[in-house]
Amino acid sequence: MKILSIQSHVAYGHAGNSAAVFPLQRLGHEVYPVLTVTFSNHTGYGSTRGPLIAPADVAAVIDGVEERGAFPTVDAVLSGYQGAESVGEVVLDAVARVKEANRAAVYCCDPVMGDVGRGFFVREGIPEYMRDHVVPRADIVTPNQFELEFLVGREVRSQADLVAAARELVGRGPRVVLVTSALTSDTPEGSIQMACVTGDDAWLVTTPLLPMTVRGGGDVTAAVFLAHFLTDGPEAALRRTAATMYAVLERTHASGSDEMLLVAEQDAIASPDEVFEIVSIS
């Protein structure tokens, strides 16, 4: 597959395209990475260096890719953190042009806005922009539970709430909703869950909860899920994504590393050990 990935970039560690491109390539896909920022490191470290890339410059890079005749062969567009509405407009314009050139292409949006414990970490107005303009244009969205709650405007307390909230999003445009970092009243103690919901089906996978903070984990999750979705559909994508992410994060935690060991654990990306059971919940 060929994937146009419009995201941030960090030199140190893994976030945005620095987290998404390698897993996509390791799974055998061609990636056209377009950068929206180029920072020294993830902003979660408290300080960072490097420039934001002007939306016009981001658009110019995308124009150049189109001029090479790539758009008819692009199978998917992937986006993550969008720091301003002007960047979002560039992304949505690229999605529209890719889909005009290839009607089978899909848009996978990781609606990065915030998380439990941190609250929103994007500037004012971005969550509403994502909810009202970006998510309805996506085919696949990959919110964490905090982001899902904002998108539907209510708390997700139970497994039934989670499915209902995801189905509400499906009703607004996306075909597939992958909910990450799910913790409801039905989640077993010491575990964390991930759910994949479509208009007709819903599946859930449960993995051990690791006591760690992950930088860029959502970016890897969205990329790996998209890769497997394109080749094998949503259920297989959920199973393989859970296996890959747990293997990478467990090894990272055991090593004490502040950054995901994506390269060291690349076999878990290419050939995940699918040990976690997928349960149908619809």
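A crossing of two helices is left-handed if the near helix is turned anticlockwise from the far one by less than a right angle, and right-handed if clockwise. Helices (H or I, at least four residues) are DSSP runs, numbered from the N terminus. The model is predicted: local features need pLDDT of at least 70, side-chain atom pairs count only at pLDDT 80 or more, and totals for chains, interfaces and linings use all residues. Residues are numbered from 1 along each chain as its sequence is written, and side-chain values use heavy atoms, with hydrogens and water left out.

Helix 1 (residues 17-26) and helix 7 (residues 217-232) have axes that come within 8 Å and cross at roughly 30°. Helix 1 is therefore roughly parallel to helix 7 (angles under 35 degrees). Axes are lines fitted to C-alpha atoms over the stretch in contact, and angles run from 0 to 180 degrees between N-to-C directions. The crossing of helix 1 with helix 7 is right-handed. From helix 1, A19, A20, P23 and L24 meet D219, V220, A223, V224 and A227 of helix 7 (contact: heavy atoms within 4.5 Å). These contact residues comprise 8 nonpolar, no polar and 1 charged. Ala, Val, Leu and Pro are among the nonpolar types, and Asp is one of the charged types.

The whole structure was also searched for disulfides, and 0 were found (cysteine sulfur atoms within 2.5 Å). C108 is in no disulfide; its nearest cysteine sulfur, in C109, is 7.5 Å away. C108 counts as buried because its relative accessibility is 0% (buried: under 20% relative accessible area, 1.4 Å probe, protein chains only). For C196, the closest cysteine sulfur is that of C108, at 11 Å, too far for a bond. C196 also counts as buried, at 0% relative accessibility.

Key: Helices (H or I, at least four residues) and strands (E, at least two) are DSSP runs, numbered from the N terminus. Angles under 35 degrees count as roughly parallel, over 145 as roughly antiparallel, 65 to 115 as roughly perpendicular and the rest as oblique. Buried means under 20% relative accessible area, exposed over 50%, partly exposed in between (1.4 Å probe, protein chains only).
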